[in-house]
Amino acid sequence: MIHYIKHTEIDKARWDASIAESSNGLIYAYSWYLDIVCPDWDALIENDYEIVMPLPRKKKYGIAYLFPPFFVQQLGIFSPGTKLSQHRIHQFIDAIPAAFRYVEMNLNTKNQISLFNGNSMKKNLTHHVRLDKSYELLQQNYSANVMRNIKKAGGMNYKVSRNYNVKEIISLFRKNKGRQINTLKTDEYNMFEKLCRIVKIHHALDCMTIIHEDKIIAGLIVFKSNEYLIMIFSAVNEFGKTNGAMHYLIDQYLCYASQQYPGKIFDFEGSNDKALARFYKSFGSTEVQYSQLKINKLPAAVKWLKR
């Protein structure tokens, strides 16, 4: 039987054991991760934590709603064994309390449904590289443009570092691409830095940077859990962009990961953006879909909720 459990009543140890044992477990779903990105999350739990579904919640203008937190691409239902049937997925969605008048939630790639209550589901994209072959064979799937950029970067006297440079990578992003992103404010960057510290404590974080003339010009942050290596954050400056630094950096991480984590899946964590999707595919990645659930039971006078 599926039960709605409030945050204060969740047994975090049993919850985390369930995520660890799930065939579709993701780092986003561990209690210590959710506690940072949405401290008041609730859950749907079947029987003795056999199947679980986190419910990140908020309240605005007195209306309770579910939302996708920052730095969480996918949640949904987590279970052991084979992929859940559409019927079982519908059972969990139907069990979301009616008190949540608006629901926006990204399900995970193993929660595939095409319709809910007669409404079609939006399909989002991520891109995966399965590390089930040698680095040399992985490189054979790169595009010619990626190989040209790697060759160009090879002549730039770049140095690769795996030191913990989270603050520096965040700063690099804010000074460059971050200027174009209005949804990320100081609070979100601070939350991400705190999140990285927690992930590091759980031995689930990799950092890699490219250094040129004693300055970081590109960096990426990867969160590791279950079968996935998720590129949660990356940054590059204009010099690095022009001189192949990001191509070289991703290639260097794939080289490292193919040896350290053979058989795992490297997840680019996106993207619906056509240009980014094309960039990720140029590393031989496979397009993978996940569904976005939206349920709107708001009064007619209320058209939308914003974070």
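Tutor: On a 1 Å grid over the protein atoms alone, a cavity is a set of points where a 1.4 Å probe fits but cannot get out, and its lining residues have an atom within 4 Å of a point. This is a predicted model, in which local features need pLDDT of at least 70 and side-chain atom pairs count only at pLDDT 80 or more, while totals for chains, interfaces and linings use all residues. Residues are numbered from 1 along each chain as its sequence is written, and side-chain values use heavy atoms, with hydrogens and water left out.

The structure holds 1 cavity of 30 Å³ or more, and the volume of the largest cavity is about 50 Å³, a volume being the space filled by probe spheres set on the points. The largest cavity is lined by Pro56, by Phe67, Pro68 and Pro69, by Val72, Gln73, Gln74 and Leu75, and by Met105 and Asn106. By class, this lining has 7 nonpolar residues, 3 polar ones and no charged ones, where Ala, Val, Leu, Ile, Met, Phe, Trp, Tyr, Cys and Pro count as nonpolar, Asp, Glu, Lys and Arg as charged, and the others, Gly among them, as polar.

Another link joins Lys12 and Asp35, which form a salt bridge with their closest N and O atoms 3.1 Å apart, the term requiring a side-chain nitrogen of Lys or Arg within 4 Å of a carboxyl oxygen of Asp or Glu. Because Lys12 lies in helix α1 (residues 12-21) and Asp35 in helix α2 (residues 31-37), the pair ties together parts that are 23 residues apart in sequence.

Finally, consider the backbone. Most residues other than glycine have a negative phi, and most peptide bonds are trans. Tyr49, in the loop between β2 (42-46) and β3 (51-55), has a positive phi of about 60° although it is not a glycine.

Note on methods
On a 1 Å grid over the protein atoms alone, a cavity is a set of points where a 1.4 Å probe fits but cannot get out, and a pocket is an open set with protein on both sides within 12 Å along at least five of seven lines; lining residues have an atom within 4 Å of a point. Helices (H or I, at least four residues) and strands (E, at least two) are DSSP runs, numbered from the N terminus.
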